[in-house]
Amino acid sequence: MNDDEPFEPAEGRPGDGEPDGITRRAMLELCGASVALAAATGCGQNKRDKLLPYTVNPPDLTPGIPLRFTTSLSLDGYATGVLVRVNDGRPSKIEGNPEHPASLGATGAMEEASVLGLYDPQRPRAILHRRAPAAWPALTRVLGQDRPDRGAGLRFLLEPTGSPLLGALLDRVLRRFPAARVTFHAAARSDSGSLGAGLAFGRPLQAVHDLRKTDVILALDADFLASGPFHLRHAQHFAGRRRIAAPGAPMSRLYVAEAALSPTGSLADHRLQRRPGDVHGVLAAVAVELAGLPDVALPVPKEALLAALAPHAAREDRPLVGAIARDLARHAGSASVIVGEWQPPETHALGHLCNAMLRSESTVDLLSPTLVSLGAQEQDLAALAREIDAGGVDTLVILEGNPAYAAPADLDLERLITRVATSVYLGSYDDETAAVSQWFIPARHPLESWGDARAYDGTISLIQALIEPLHEGSSPAEMLAVVAGDAHPEARLLLRAHWQDRLKDRDFEAFWRDTLKLGVVTGSSSPAVTAPIVPGALLSALAAKAPPAAGIEVALRPDSRVHDGRFANNAWLQELPRPLTKLTWDNAALMSPALAARLGVTDEDRVRLSLGGRSVEAPALIAPGHADEAVTLHLGYGRRRAEPVARGVGFDAYRLRTWTARSGAVGLEITRLGGAKHPLARTQMHWSTEGRPLALRATAAEYQKNPDFTAEQRGPLPSLMPPLPGSGAGGPPQWAMTIDLSICTGCGACEQACQAENNIFVVGKEGILKSREMHWLRIDTYYEGPSEAPRVIHEPMLCQHCERAPCEYVCPVNATVHSPDGLNEMIYNRCVGTRFCSNNCPYKVRRFNWFDWEDHVPANQGLVRLQRNPEVTVRQRGVMEKCTFCVQRLRATELGARIEGNRPIREGEVTTACAQACPTRAIQFDSLSNPGSAMARWRREPRNFAVLHELGTQPRVNYLARIDNPNPEIG
Amino acid sequence: MSETETAALTSSATPPLAPLLLGHPTDAELTHQLISPVWTPRSRPAWLAAFGVAALGTTLLLYAVTVTVWKGIGVWGNNIPVAWAFGIINFVWWIGIGHAGTFISAILLLLEQRWRTSINRFTEAMTLFAVVQAGLFPLLHLGRPWFFYWLVPYPATMQAWPNFRSALPWDAAAVFTYFTVSLVFWYLGLLPDLAKLRDAAPGRTRRMIYGIFALGFRGSLEQHRHYRLLYGLLAGLATPLVLSVHSIVSADFAITLVPSWHSTIFPPFFVAGAIFSGFAMVVTLLVPIRRIFGLENVITLRHLDNLAKMMLVTSWIVIYSYLIEDFIAWYSGSPYEKYQFFVARPFAPGSMVFWTMQVCNILVPQLLWWRRVRASPGLLVVIAVLVNVGMWSERFVIIVLSLQRDYLPSSWADYAPTRVDIALFVGTMGFFMLLFLAFLRLFPFIPVAEVAELSHELRAEEKV
């Protein structure tokens, strides 16, 4: 995959040497080059690095053959390594980098969708000064000038970062202006983790969970499988322990306490619905029970601990938490407690204590912080706001993050920024912060930037530009370099200089080449440290923590799609259904059925939410499995000065967020507003299987007792149709897919990857409301049991590539036919659009082009066309489309195999975009002729079944029934 | 059992039925009465108003068609899972209406039912115009209507043939055949009257036009013999079409897996429903026209009585089909079928349409058991209109409610028509009316020659 040459401009390539004597041919080449160069210089600002066209083609570059390059995408300071597919110079698809610890080859929805952001037509294109176009030199004069006050009035506000380059540049800046101060702030990160570690260990260590060895997990308000810095890694490792290969085989157990159902919670064996404020009580009760068990080593005095935890622990049901504690203790050494980002520091500290009691040295690594920290020269956002208010700041440099929108409402940064004499904002969009700043500089997209970054475990990776910047802009590194005194900084040169300096005598060029090729700096992860629990501070903090107040608690959480609002203009993410609610193009006030009934509220009713004198209006959405007396709101919507895609989408939950209560607070008042409902566009409206055998499940014990519980949903069926050609081992490929429901979290990464790979249009909120979404792959989520405490199951649903496909025989024009290698093929240019096939598809996976979507939906227009995969037809109005099993990849692989002496296609040689992205590897794709592949092995398991098997469609997509592992002690 | 025998049987218990022809008009009187509307239409302002309304409806249709073709099917309310909706409902409804004409002209001719004589021309025209409306929908319904001909087996250069396993190419062929045969049959029946028009035409132009269309028909014995033979043969050809068209239309549904569509009862069920709605439409149109044009002597209460009885019979075939459908759904044990028939239809969104269908198709026709109802033209029109509402609802139930609730609950979604959907439906009614009014204006809508023949026969019987 990553054996391609690193991307470099053509300098130093063949053709660059001094010509001995000019031939006619060389003369023409030079002329061509000069013309291209002249054209290229018109595009960028202060460009001194020249891009020349190839005069002699480099050996690896064939027009039409995509290349893959490594780079990293950072979110709130932590990097995920990716491979970017580049088609003739255009980045078109993000894939996971197997070498990077935060990816392990998988990608999340945000990474997949970030490629669309590169081509967003609404990206700003010019530097503005007081809203008028301005030039870069004017800005460098302002930022780079000497200051007599040693920087006393100079403030920086940037997102947390682990980048060694930015760290070094900040050092340079602070050496030049020692009195300047730096604020790191990310709306979607809390500092409770490091504060909690401070309480537990006396220093702000970072806990990294190694789920490869964990058998029992207690997750407290922690969606560790689908959000947070290492979630892709967690998901893959968790799935490895969770996937049960045979009846009676060991599998891990997961306990979750949380308010709103999360992807992690939907996989839990036991899920405790608690208000976020009550989660501490669960952990306290578990800790009390653990402390009472005989062979648990307690690093703190028992009496003091019990006294400190008693008020919290008393609220929990003893038999339940006792069973959890005993289960954890039984697996001491392979059990761990994971505390969520938004829990208070005390809960994190108590989590560390429990992990210590569970001898978690091998399952939890403690690392020194991997983010850049500047000690006394750092100040928090509240301190910065106070200083601005006091008039002590004359120059404020904001490097990304849109604080005017995303900062806590009580700090009122939007107003404060206007009071700063010189405010400079580097931002991705001309947004709320740009509107109040004097200077606005468009930020480069990560795919057009150079830099470096660190993963959650400290692993360093490089950020490699994959395309010439589309628009004028800059990056945080360049901005800091300007402040440090460089007149014409260039990120790539800064990066190279930094690493050259850092490596000293090592062969820099070799390092540069190898690192860009691999995507990570080998051996750069932070070493684990051993840290004993420091009882004093921990116990006093635990004792001082007040029990939660009564009342409705509001939980403010980053959104699983638009995050803190930075992806609000990304139409893919807006349209990607949120896990569990299937909501698109909106956020809503999630509440339990009981609370909704008490308030007399139903879905889509508008409600006013008031908290501490602030209020917002929101549509209500009843979320099965939500904790009572709690409301979950997602941040990142309701942008006040938004780009066209984000405009008018959702409500702004930041209005309820205060500096001291960033995760939410108790005391929410909800008033039902009359008037028209607010329609919510959801891709699924019915949540019950109606007792149909569609998504099968059993407990591990039941599976062991009756391994053949799926027998009625698999096996041969009598048919009047002629027999199908066999698919013997080693024969020609017969493509098939197996999906394990046990490890599907419903996160939606597969759906997003499919959209990016297959040029799937967005249809907008109107389209979703009319049930016209175009996603080829969807995740069906079914709830069973009482709506207060439902059991959830996710079932990715895509074209099943039925061997006896009902769609094929009803098409009047033979536009959907079967291929010899088992694909149900769709021939777009033969389709006349009768939609008969869709009616006859029992899985309803076919999608129709009701309009010319490009013409009909503005989000499909303009520059975003550059993202499209040239290997996939863009479908025109009036034709049907559906999953193709990524046929373009299959055919490319077949061609390769044929060129290499007509060899058979190897196991694992090709996979679909969905299987490639899946964080838990729940989707396996291969040919049935490779019986050793995971796909083929999985479908030989007894829990294999086909959805709607009784119809005799003989689908090529098979599912493995979900197996849960409930604790027999808990009834 | 012939009409006279029926009359004889019933005469003992109840007053005798009205005769098929009132009075003893001479041929000249009859010809004058039936041809005169072509030359001197009555109530000119009212006729203009009706024509204006029809033209307005046609304009609406043109607008809706333009919008649909210009922007795409997205302007309709269809979605996934309800990929078929108003378009196909209207298609089946119009095609169904088109069934009465051929049934009356061909099957009743072969069965020597003399009461068909006065109304056959009229119903054949209704058939043709209904099929024209019906034919619009499958075309517009295509995602890419400009490639409609790909459904037809023609020697394409790419050697791509239609898929003969699908019902749709058969459907296209059946509808086209039906239209062609109906047109020829109607035209053939019109020949003697075109000749009469030519002979009676007041001006040279009209005489020329009618003369061309009369194809040289002179009414000689030889010509009459050939004419009768051909007419009979065509009737024989048209008869199976009455059964085949809607059987094939029903295959559009019956060959699928969709719960409640996947059923072997569909062909007879659809044919019965089609004839049911066709007769209802005949009554709806016949009663007002009989009154406006003062044709009570030619279209007697006897005709209305027979039409009403046909409605009653076909309604019971339809009711029987409903019962069998429900029974099979229960007997199949399939959770999908049971859900569709016993939960989705009576209770899911759109169930109001289901209940409308129950009332209009099951309860309302039972009024026709009473002779007094059958003898009341006003009541008959009300019942006929309700039956057509019911039959439209039936197609809505079969198509939309089934698709709304099929196999995977995750993809269930509801359907709501848009303004374009409604405009298309109303527009086809306007276009139908426009064609029909033009027909009334340009041709004798009661076959003059045949009625005269009937009159002679009746007089001969009386003498015996």
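The pLDDT is the predictor's confidence in each residue, on a scale from 0 to 100. In the predicted model described here, chain A has an average pLDDT of 90, and 94% of its residues reach at least 70. Over residues 1–20 of chain A, by contrast, the pLDDT is below 50, and this stretch makes 37 contacts in the model beyond near neighbours in sequence. Where pLDDT is low, predicted coordinates should not be read in detail.

The overall dimensions of chain A were examined next. The C-alpha trace spans about 85 × 85 × 60 Å along its principal axes. The radius of gyration of chain A is 28 Å, which agrees with the value near 30 Å that a compact globule of 971 residues would have. Of the 971 residues in chain A, 58% are buried. Among contacts in chain A with a separation of 6 or more, 76% join residues 24 or more positions apart. The secondary structure of chain A consists of 30 helices and 40 strands.

The largest nonpolar core comprises 437 residues, of which L220(A), V286(A), L353(A), A589(A) and V631(A) touch the most other members. Helix α10 of chain B, residues 266–292, supplies the largest share of this core, with 16 residues. The surroundings of A589(A) illustrate the packing: when residues up to four places away in sequence are not counted, A589(A) touches V607(A), L609(A), A618(A), P619(A), A620(A), L621(A), V631(A) and L633(A). One of these partners, V631(A), is itself listed among the core residues that touch the most other members.

Conventions
Residues numbered from 1 in each chain as written. Chains lettered and ligands numbered in written order. Predicted model: local features only at pLDDT ≥ 70, side-chain atom pairs only at ≥ 80, totals over all residues. Core = buried A, V, L, I, M, F, W, Y, C linked by C-beta atoms within 7 Å. Buried ≥ 20, exposed ≤ 12 C-beta atoms within 10 Å, placed from the backbone. Helix = DSSP H or I, 4+ residues; strand = E, 2+ residues; numbered from the N terminus. Contact = placed C-beta atoms within 7 Å. Rg over C-alpha atoms; globule rule 2.2 N^0.38 Å.
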